[in-house]
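Hi,

Here's the structure I said I'd pass on. Have a look at it first, and then read my notes below.

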Amino acid sequence: MQTVFKKRRLVLVSVMMLAFMNVLQAQTDEDAIMMSKNNLCSGIMYGHSSWKNYWEGTFKRDNLNLGTVSSNMYSIMENYGVNRKLNIIANLPYIETKASAGTMHGMKGIQDLSAWVKWMPVEKNLKKGTISLYLLGGASLPVSNYVADFLPLSIGLHSKTLSGKVMVDYQLGNFFTTASATYTYRSNVTIDRTSYYTTALVLSNEVQMPDMMSENFRIGYRSSHLIAEAVVSNMTTLSGFDIRKNDMPFLSNQMNATTAGVNFKYTLQKISELAITGGANYTVAGRNSGQATNFNIGVFYVVDFSPKKKNKK
Amino acid sequence: MKKIITFISFSIITAAIILIACNKNVSGRTANLPPLNPSNIDLNAGTWKTVLLKRPDTFAVATPLPVTNPAYIGELNEIKGYQKNLTSDQADKIKYWAAGGVLRWNEIMRELVAKYNLPPYQNPDGTYPIPSSANPFAYPLFPFANPPYAARAYAYISAAQYDALVACWYYKNKFNRPAPYVVDTSVHAAVTKTTLPSYPSEAAVLAGVTTEMMILFFPDEIANIQQKAIEQEQAAVMSGAASRSDIIAGDALGRQIADAFIARGRADGAGAAVGNQTIWTALETNTIARGETPWYSLETPKRPPMLPVFGKVTPFLFDTATTSALRPGPPPATTGDQMKTELNEVYGYVKNPTRDNTRIVHFWADGVGTYTPPGHWDAIAAEDFITKNYSEVRWARNMALLNMSLMDAAIVCWSTKYFYFNARPTQLNPAIKTITGIPNFPAYISGHSTFSGAAATILGYLIPERANAYTAMAQEASTSRLVGGIHYKSDCNVGLTVGASVGNYAIQKAKADGAN
């Protein structure tokens with residue numbers, strides 16, 4: 001009864017560092033798990049990301065004037081089940097960054113509020129296993145006037161985004177595999193400078209932001225109390241330019257990264273409303289991005305807002 | 001429920017499509033200017049005092065053929081031929097250049113400075129390669145267009161443009177050949193019609209003089225620069241403003257005048273500004289001998305100081321003795337109470353920087369990969385000049401006054417920095433983390449403050465109604481270095497004062513050049 005797990009109040013969180021941004025993004029939007037109707041899953045997460053080497057265009061190097069660039073993220077997440085086929089997810093992170101060497105000041109602040117509508121229009125039992133299709137629409141919005149134009153120490157890019165995602169999940173017994181692809185539209189960003197150089201001098205404080213594509217593939221074990229998975233993610237900026245030799249990174253660089261990692265989620269046997277999540281990943285390839293190692297840990301608690309508590313196990 | 005779901009999905013998809021369809025192209029502030037429309041054609045500008053040329057007719061220009069000559073009629077037909085089959089790309093180029101040649105070349109120059117303003121990456125042994133004008137195409141690319149280099153490039157190119165246009169106006173007035181659109185009313189004018197004589201063409205004078213000057217400063221860009229010059233000259237012909245012979249005469253005149261400036265540039269001492277190990281070591285030992293803490297590079301690996309001998313470059317507005325005379329007294333002693341107070345003040349600002357201070361710091365940072373503080377002041381000036389409806393020659397004169405001020409400000413500032421060779425705040429207190437990069441040269445006096453003091457002073461003279469605004473901008477630029485953790489207050493305050501003194505020399509020059 002694979003669908004049992006989907007009815008359960010589960011949320012799995014993974015974290016990915018978006019290239020140079022040092023942005024740790026919680027991604028319940030990338031798992032094939034739905035909250036039950038009227039259930040609200042709330043969580044807090046801590047994520048850490050660090051890199052010493054980075055790709056300046058395609059040239060991999062370190063920078064003794066940065067040392068190791070690291071960031072800490074503290075995030076609150078909410079996932080609400082409108083019904084078993086329609087969930088709403090929201091996330092708000094606070095991020096702080098620093099460089100271990102050099103003279104540059106780190107930055108900190110509340111970053112972007114992101115929200116997803118997650119819809120499972122198809123769920124079909126096959127002869128063997130269950131296949132389900134998900135369609136997701138997401139948006140994010142900066143909620144503070146943080147500085148975007150200070151890479152690699154900015155806490156984010158201050159772009160408003162809209163995303164569309166298609167995801168397919170196949171489960172056989174306790175084993176599953178999920179694949180998804182996301183297109184992200186990114187709005188232009190206004191910076192504090194009145195001109196900047198990309199591949200030409202632009203006499204404006206507005207930066208044209210290229211859109212992005214990402215793909216995510218995961219495979220693992222899923223039961224009512226434990227989920228463990230291996231994840232490969234790829235993120236591609238659809239245009240943009242390379243950092244020139246010994247230049248600083250810029251918002252509209254072509255930031256690409258491929259990461260590989262693992263995640264787990266453990267739901268307590270005695271208190272089934274409470275779950276602990278964790279994950280780690282490493283950047284195996286990149287362009288205009290840091291070769292980051294990321295890890296995260298989170299605690300989630302589910303509250304059932306159903307009028308009558310009949311679904312209780 | 002299904003309906004709601006469908007509706008929500010539909011809405012999201014629609015919103016996404018609408019946004020994706022939105023044009024994200026960013027248009028520069030000067031991308032769509034109308035043609036230059038001078039309120040005064042400055043017909044007497046041939047009498048204005050030049051910077052380097054002894055006389056406006058130092059270089060001879062041949063008497064043009066009369067407009068009734070068949071050869072000239074043939075030139076008019078060339079224009080009409082172009083105008084008959086104008087492509088949209090050609091129309092765009094005409095529009096671009098019609099906004100003003102001095103403006104466009106200044107923008108191109110700022111772009112090249114930004115492109116080349118990158119410090120070289122270190123060698124494997126921790127030393128740094130030095131860009132070489134003898135081998136500009138190999139890494140590190142020549143030049144490293146840092147602020148003093150940029151200030152000098154802007155000044156030479158602007159001053160040469162000014163002298164060239166004064167000579168151009170001299171001959172325009174002398175020969176008084178009307179523009180093609182005046183001679184033949186069937187020639188369409190894609191520029192503002194004026195009574196300014198067209199021989200030699202001011203567009204071609206600018207193209208000629210600027211090409212030669214820019215190649216000197218940015219040798220890698222030779223193909224790009226030559227292409228721009230051809231575009232400008234072609235645009236002048238296609239717009240109906242100049243005939244082929246107007247162009248040929250103007251181009252040749254411009255290039256001859258450039259040669260005079262290039263000769264000056266080769267002998268002004270800038271070639272030796274990088275210094276050498278002996279000079280770098282002496283700066284340190286001399287400072288220690290005075291009982292002060294010497295500056296050292298805060299980069300890893302330590303980078304040699306930027307252009308330590310730039311203070312000896314021959315200025316435009318005064319002589320080298322005046323460079324020394326303008327140098328201010330010493331900064332507060334490293335070990336004294338005042339320095340302690342000023343250091344604490346810097347730390348107070350950067351400990352928990354406010355968002356607004358960070359905005360100011362970044363607005364004025366003009367660091368690596370930008371057109372530098374002199375370029376920022378050129379941008380500020382250019383956007384104000386656009387509103388003033390200057391003639392090309394007045395544009396050139398005012399840009400030259402500004403950029404000579406900025407170069408001479410760099411000379412006095414660098415002379416001061418390497419005379420005292422004092423430490424940055426972060427060197428004395430490593431807890432001071434900065435809101436932008438720390439430039440690789442001594443603190444006293446602040447380059448941003450000196451540049452800004454000079455620029456605000458001359459610009460305030462040129463556009464009196466904006467004088468208070470320029471002063472406020474200069475003050476903000478100066479303060480940005482204090483609150484960004486880059487400079488002590490003394491560096492900033494003294495820098496502004498020294499800059500203003502340099503700017504006053506430009507005012508004296510402006511008062512005497514005959515353009516008022």
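One thing to keep in mind: this is a predicted model. I'd start with helix H19 of chain B, which runs over residues 489–512. With 24 residues, H19(B) reaches 35 Å from its first C-alpha to its last, close to the 34 Å expected at 1.5 Å a residue.

Which residues of H19(B) are buried? They are Ser490(B), Asp491(B), Cys492(B), Gly495(B), Leu496(B), Val498(B), Gly499(B), Val502(B), Gly503(B), Ala506(B), Ile507(B) and Ala510(B). The cover over these buried residues includes H11, H12, H15, H17 and H18 of chain B.

Two of those covering helices, H17 and H18, are worth a look as a pair. The axes of H17(B) (residues 447–462) and H18(B) (residues 467–483) come within 9 Å and cross at roughly 180 degrees. Angles over 145 degrees count as roughly antiparallel, so that is what H17(B) is to H18(B). On the H17(B) side, the contact includes His448(B), Ser452(B) and Leu459(B), and on the H18(B) side it includes Tyr470(B), Thr471(B) and Arg481(B). Sorted by class, this contact has six nonpolar, seven polar and one charged residues.

Now zoom out to the domains. Chain B is assigned domain 1 (43–266) and domain 2 (274–512). Their centres, taken over C-alpha atoms, are 31 Å apart. The contact between them takes 43 residues from domain 1 of chain B and 45 residues from domain 2 of chain B.

Cheers

Notes
Residues numbered from 1 in each chain as written. Chains lettered and ligands numbered in written order. Predicted model: local features only at pLDDT ≥ 70, side-chain atom pairs only at ≥ 80, totals over all residues. Heavy atoms only, no water. Axes fitted to C-alpha atoms, helices over the stretch in contact; angles between N-to-C directions. Helix = DSSP H or I, 4+ residues; strand = E, 2+ residues; numbered from the N terminus. Parallel < 35°, antiparallel > 145°, perpendicular 65-115°, else oblique. Contact = heavy atoms within 4.5 Å. Nonpolar A, V, L, I, M, F, W, Y, C, P; charged D, E, K, R; others polar. Expected span 1.5 Å × (residues − 1). Buried < 20%, exposed > 50% of the residue type's maximum accessible area, 1.4 Å probe, protein only. Domains from an automatic or database assignment.
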